[in-house]
Amino acid sequence: MSNAIYRLIYISNNCMEGSNAEMQNEIQCILEFARKANSAAGISGALMFNNGCFAQVLEGPQGPLEETFERIQCDMRHDSVVVLSYEEIADRGFDNWSMAYVGYNADSLREFENIKTESGFDTDAIPAERIFEILQEHLIDAENDKLAA
Amino acid sequence: MNSNLPLEKEAGGSELHPSDNEVSASQQHGTVPSQLANAEPLQHGAMATYALVDGEASIISANPEFSRLLDIDAECSQLSFLEKLEQRYPENANELASALSDTNSSTIELQITSNEHCRLNIAAIDSDRRLVVLEPIKSGHSEIEHVKLSLIDPLTQLGNRRQLDIFLESWQSADGKQVAALMLMDLDRFKIVNDTLGHGIGDTLLKVVAQRARRAIRDDDLIVRLGGDEFVIVHTNKDQSSGSVEKVAKRLVEMISRPFLVDGHQIGIGTSVGIAVLGDETKNVADLMRHADLALYESKSKGRGTYSFFEQTMEQNALRRRDLETSLRRAIGLKQFSLVYQPQVQLSQGVVTGFEALIRWNHETLGLISPMDFIPLAEETGQIVSIGEWVLNTACKEAVKWPEHLNVAVNVSPVQFESESFVNSIQDALTISGLQPNRLEIEITESVLINNPEAVFKQLEKIKEMGVSIAMDDFGTGYSSLSNLSNFPLSKIKIDQSFVRGEQTEKSRALVNAIIALGVNLGMDTLAEGVETQDQYMQLANDGCKAAQGYLISKPLQAASIEKFISDQSFNSVKIDP
Ligand SMILES: Cc1cc2nc3c(=O)[nH]c(=O)nc-3n(C[C@H](O)[C@H](O)[C@H](O)COP(=O)(O)O)c2cc1C
């Protein structure tokens, strides 16, 4: 029970302003912090940024996961946080990643463009499992690219 | 073990549970008197010996006993408060210096004379200011009494009510010219968390809320937990406009509305905030709390999850509400309620099929009061339950006197469904009056189906089993999805008068037709309300609407006029002059 692993998937709206380069820089800072803090807390996951919104998968033991999420919740760099799923899982999906990153303009991220509507998020447009799959597929692509290069 | 709570609405009632987060009756923002009673500022402050100290450990404000009891020279201006203390109590110098700079609260014991000790409770108001409260230690003074004198809320580690009261008093005597705002914050839907997930999770949630709120406000704001799910934030800063208060309030509301994860559960709550700003609207520090409370009431009646600033009219409204509430309590006994009956006709043949019973309140001095004004109040205070029973009983007794083909429709409030005995009270009304169940129709509104749909569903099924029919009132104005409707045992949809009355727009026409089609589809009758003109009547009849009511047919009638109305209709058919 105590070593049960949970997975959290949420989306949120970016509140940072600035040029692309400044954004990339800020996201780099978030990632650096996240990777250090997450590996110390036994948390794995992936972060996506596209079309003005974030999607993040976080996996880990319940206590540290909830603590990490609470810190992320207090972050004013994003808002309109919507938790799509939070459940116990058998196996981690991002075992080797303290925080993988999937950035701009990837083809597979087109799907995300429907999620943001004028009034907020259309959470029916894209279910949590699909976000999880897309992030995983995309990381596999990135791995393959690396191997090919 | 996981649950995604569909937390929709704060439940009514005020059961008390022995828990740390217990919401006491005086903190419930349901009814008017309790929310006025809630505001009792400066209760403990008046009894305390304190000093408010700034970031340089200089006294901002203190009461005279403070220096006298500590035996330090209040007049001497060369030395700071800390330096005076260090000089007078050299053994405690280090302890005192670190306690005054620490942002955590602490307690220090000092020996004042050979046989007298005192305790200094030091609490951080914000990153700079410290509140120092002096408490003589008397022999035989138990630990429990010291706990009562604490300045800290043990659950959240924020300040407590005593800290707030003493701070407000000290701050009031210091510098009344600074901008100050008091924000009263009350969680929305917290009771549901307690009731469904238990008090343990409720307590943990309060801790996380406290931390999140602390991060949402400014470093130099004071935050305390009053008790239950109520928090107060005091914003005092020289360089600030009330714009910065609004910013903080906005951020608080937004941040508390973000999801919480607690012990494997995802929890969605929110917060309502009432704000009183010292200045134009609120002249005295002593009024801050009461005014913030009135503003909080406003936020809650605007639908929660928002903030409001106090305005003078809120006070008058609260007084008016309280008077009205008192009168309302007596209204049944004084027989000030009456029912009027508006005819309903079947459109194709113009035959009167029954009447909708509508309540009227004739107040002894105010005259006729619209149900729009008193029903919401009665719902808020729970008096709607007895008023609702009176309406049911009276309408049934009246309807028994009518010819047997005429039915009576009675409006029912969502709050009545929250009472266990609601279904029984319908049965009782039928039994006492002797009315055939199929001649009674109850009218519900969409909001009934949204709050706790399963429980309501069961009650509606029972009502239907009795033979009573159920109509959906004011359809089109609420937010229930059309698909939802088919699950409930309804026999009629009433099209809201706003789509029928006056000049029909393209849009309202389309909506009316969609509702008529929906009725056909679901096998439910449709009745249009607010029919005023011949044209509207013909149009509705052509479009396939089944029935109508409105001024064209007749305005609501006194019970005594019904017999005449019925006999005036040739063949019971409504004559509509071209
Ligand atoms: C979209 C987004 C994702 C983030 N992901 C993580 C994360 O996975 N782990 C983490 O420790 N911090 C993450 N952060 C950063 C936290 O929000 C926060 O800045 C950091 O934990 C430092 O918190 P502190 O200021 O309370 O120490 C993320 C921030 C954003 C905006």
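# Close-up views of a predicted two-chain model with its ligand

**View 1. Pieces of chain A that wrap the ligand.** Helix H1 (20-41), strand E3 (53-61) and helix H2 (62-73) of chain A each hand at least two residues to the shell around the ligand. Helices here are DSSP runs of H or I with at least four residues, strands are E runs with at least two, and both are numbered from the N terminus. The biggest giver is H1(A), which puts 5 residues into the shell. Before you go on, keep in mind that this is a predicted model: local features need pLDDT of at least 70, side-chain atom pairs count only at pLDDT 80 or more, and totals for chains, interfaces and linings use all residues. Residues are numbered from 1 along each chain as its sequence is written, chains are lettered from A and ligands numbered from 1 in the order in which they are written, and side-chain values use heavy atoms, with hydrogens and water left out.

**View 2. Who sits around the ligand.** Count the neighbours and you get 18 residues, the closest being Asn38(A), Arg71(A), Asp75(A), Arg77(A) and Arg215(B). To be near the ligand, a residue needs one of its heavy atoms within 4 Å of it. Why is the site called shared between chains? Because residues from chains A and B both surround the ligand. Sorted by type, the shell has 10 nonpolar, 4 polar and 4 charged residues. In this sorting, Ala, Val, Leu, Ile, Met, Phe, Trp, Tyr, Cys and Pro are nonpolar, Asp, Glu, Lys and Arg are charged, and the others, Gly among them, are polar.

View 3. Zoom in on Arg215(B): an N or O atom in its side chain is 2.7 Å from an oxygen atom of the ligand. On the chain A side, a polar side-chain atom of Arg77(A) lies 3.1 Å from a ligand oxygen. Gln56(A) has a side-chain N or O atom 3.1 Å from a nitrogen atom of the ligand. On its own the ligand would expose 620 Å², and the protein buries 85% of that. A polar contact is a pair of N or O atoms within 3.5 Å, and accessible areas come from the Shrake-Rupley method with a 1.4 Å probe.

**View 4. Chain A as a whole.** Chain A is built from 3 helices and 7 strands. Start at the N terminus and the elements run β-α-β-β-α-β-β-β-β-α. Of its 149 residues, 46% count as buried, where buried means under 20% relative accessible area, exposed means over 50%, and partly exposed is in between (1.4 Å probe, protein chains only). Chain A exposes about 7600 Å², with carbon and sulfur atoms supplying 46% of it. Take the contacts in chain A with a separation of 6 or more: residues 24 or more positions apart account for 77% of them. Contact means heavy atoms within 4.5 Å.

View 5. Which residues of helix H20 (residues 534-543) in chain B are buried? They include Gln536(B), Tyr537(B) and Leu540(B). These cover an arc of only 100° around the axis, which puts them on the same side of H20(B); the arc is that of the directions from the helix axis to the C-beta atoms. After H20(B) comes Gly544(B), with a positive phi near 95°.

**View 6. Asp525(B) and its neighbours.** Asp525(B) belongs to strand E20 of chain B. Its relative accessible area is 34%, so Asp525(B) is partly exposed. Leaving out residues up to four places away in sequence, Asp525(B) touches Ser491(B), Lys492(B), Ile493(B) and Lys546(B).

**View 7. Two loop residues with positive phi.** Asp71(B) sits in the loop between helix H2 (64-70) and helix H3 (81-88) of chain B. Its phi is near 60°, a positive value in a residue other than glycine. Gln157(B), in the loop between helix H5 (143-148) and helix H6 (161-174) of chain B, isn't a glycine either, but has a positive phi of about 65°. Asp71(B) is partly exposed at 45% relative accessible area, while Gln157(B) counts as exposed at 55%.

Methods
A polar contact is a pair of N or O atoms within 3.5 Å; within protein, one must be able to donate a hydrogen and the other to accept it, and residues adjacent in sequence count only if both atoms are side-chain atoms.
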